[in-house]
Amino acid sequence: MNRAQKIECFNLFVTALSTGGSLGAVILLARLVGMPKAWAGMALMGLMGLMALGPFIFRNEKGRDRVAFDERDMLIHKRAASAGFIATYVFFLTFCSGLLNSVGLNGQVPSYMLLILLAGGFVVLMLAKALALIIQYGWRNKGEQ
Amino acid sequence: MNSAQKFAWSNLIIIGLTLTLSGTMILLFAPQHGIPLMGLLGLVGISSAVFRKKRRQGGTNFDERDRLIYERSLTAAHSVFWPFFVAACMLPWLVFRSSGPVPVYVLPMILGGGGVVAIVVQSLAILIQYGWRGKGEKS
């Protein structure tokens, strides 16, 4: 498994952990303390910040005379970025259409919906990018390091 | 002028024309007269199909350089789309959070605005990399 695969697997794990953890916390807190206070469980989304540690945890191996990032890697990264962008735009489109459908053209939505839209878009971007990268490289180790 | 340049120019002309027409109608009459004209933005999809047609006629008219330019222009569009989208979500939130809920029509405006900004940036990036005018290239 090469460095990019390791980082994207880590990102995928962190995204799943923070999203699943925060949703679980909200559901748990909703039963314990009631609904408005239960939104505090979304604080676990802050775990997404751990993704910034990926490049530091999975460093390039030093002292070896070899190419760590070639044209193929660049192409895969660009394709993954495009997949992330497309997935995000589709998410935004679905989210906005859903809201429009539910409240009508003259309706209003709480202002925090904009933040949910933004955070959701970021999660979808990270998921789609990580998945696209892993699918292109392959899910398993193929001898690349 | 090659097909990518024609595509970029047609996008810029369609978007410019649509925004000008729509803005004029909104200023002179009312939003309900101007906003439907934004539907003209759909012509961007047709321009893509029109200028792609010649690629099927044989000959190499999309090589590694064209691919690199296309990918760079997409990267530029992605890079501008996200800061725009963050600003477009955070600013209404800052404005409306004290006064209450946000009108739902703001959401499609953000989405449409993001799409238009991405297409404009991609077209500008194509034209900047190839040059604004034809240099004898044909496709």
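Biologist: Let me start with one residue. Is Leu17(A) buried, partly exposed or exposed?
Modeller: Partly exposed, because its relative accessible area is 41%, between the 20% and 50% limits. Keep in mind that this is a predicted model.

Biologist: Which helix is Leu17(A) in?
Modeller: Leu17(A) belongs to helix α1 of chain A.

Biologist: And which residues make up the nonpolar surface patch there?
Modeller: Leu17(A) is one of them, along with Phe13(A), Leu44(A), Leu47(A), Leu50(A), Leu53(A), Phe56(A) and Ile57(A). Together they make a patch of about 720 Å². Two elements of chain A, α1 (3-33) and α3 (54-57), each give two or more residues to the patch.

Biologist: Now the two chains. How many residues are in contact?
Modeller: On the chain B side, 25 residues touch 28 residues of chain A.

Biologist: How much area do chain B and chain A bury between them?
Modeller: About 2400 Å². Carbon and sulfur atoms account for 80% of that. On chain B, Trp82(B), Val104(B) and Leu107(B) supply 28% of the area buried against chain A, more than any other three residues.

Biologist: Why quote an area at all?
Modeller: Interface size is often given as the accessible area lost when the parts come together.

Biologist: What about charges? How many salt bridges are there between chain B and chain A?
Modeller: The count is one. Lys78(A) pairs with Glu71(B), and their closest N and O atoms are 3.8 Å apart.

Biologist: And how many residue pairs are in polar contact across the interface?
Modeller: Three, with both residues at pLDDT 80 or more.

Biologist: Which elements of chain B give two or more residues to the side that touches chain A?
Modeller: They are α4 (64-96), β1 (102-103) and α5 (106-130). The largest share comes from α4(B), with 13 residues.

Biologist: Stay on that helix. Is Tyr70(B) buried, partly exposed or exposed?
Modeller: Tyr70(B) sits in helix α4 of chain B. It is partly exposed, since its relative accessible area of 39% lies between the 20% and 50% limits.

Biologist: How far is Tyr70(B) from Gln32(B)?
Modeller: Their C-alpha atoms are separated by 37 Å. Along the chain, the two are 38 residues apart.

Biologist: Zoom out. How many helices and strands are in chain B?
Modeller: Five helices and one strand. From the N terminus, the order is α-α-α-α-β-α.

Biologist: What share of chain B is buried?
Modeller: Of its 139 residues, 37% are buried. The accessible surface of chain B is about 8100 Å², with 69% of it on carbon and sulfur atoms.

Biologist: What about contacts within chain B that span the sequence?
Modeller: Take the contacts with a separation of 6 or more: 74% of them join residues 24 or more positions apart.

Biologist: Give me an example. What does Asn11(B) touch?
Modeller: Beyond its neighbours within four places in sequence, Asn11(B) contacts Val44(B), Ser47(B), Ile119(B) and Ser123(B). Asn11(B) is in helix α1 (residues 3-28) of chain B. It counts as buried because its relative accessibility is 1%, under the 20% limit.

Biologist: Last one, back to chain A. Where is Gly138(A)?
Modeller: In the segment after α5 (112-137) of chain A. Gly138(A) is buried, with a relative accessible area of 9%. Gly138(A) and Met1(A) are 137 residues apart in sequence, yet 9.0 Å apart in space, C-alpha to C-alpha.

Terms used
Residues are numbered from 1 along each chain as its sequence is written. Chains are lettered from A and ligands numbered from 1 in the order in which they are written. This is a predicted model: local features need pLDDT of at least 70, side-chain atom pairs count only at pLDDT 80 or more; totals for chains, interfaces and linings use all residues. Side-chain values use heavy atoms; hydrogens and water are left out. Patches are made of residues with over 30% relative accessible area and no salt bridge: like charges are joined within 9 Å, nonpolar side chains (Val, Leu, Ile, Met, Phe, Trp, Tyr) within 5 Å. Accessible areas come from the Shrake-Rupley method with a 1.4 Å probe; for residues, only the protein chains shown count as cover. A salt bridge is a side-chain nitrogen of Lys or Arg within 4 Å of a carboxyl oxygen of Asp or Glu. Helices (H or I, at least four residues) and strands (E, at least two) are DSSP runs, numbered from the N terminus. Buried means under 20% relative accessible area, exposed over 50%, partly exposed in between (1.4 Å probe, protein chains only). Contact means heavy atoms within 4.5 Å. Buried area is the accessible area (1.4 Å probe) that two parts lose on being put together, summed over both. A polar contact is a pair of N or O atoms within 3.5 Å; within protein, one must be able to donate a hydrogen and the other to accept it, and residues adjacent in sequence count only if both atoms are side-chain atoms.
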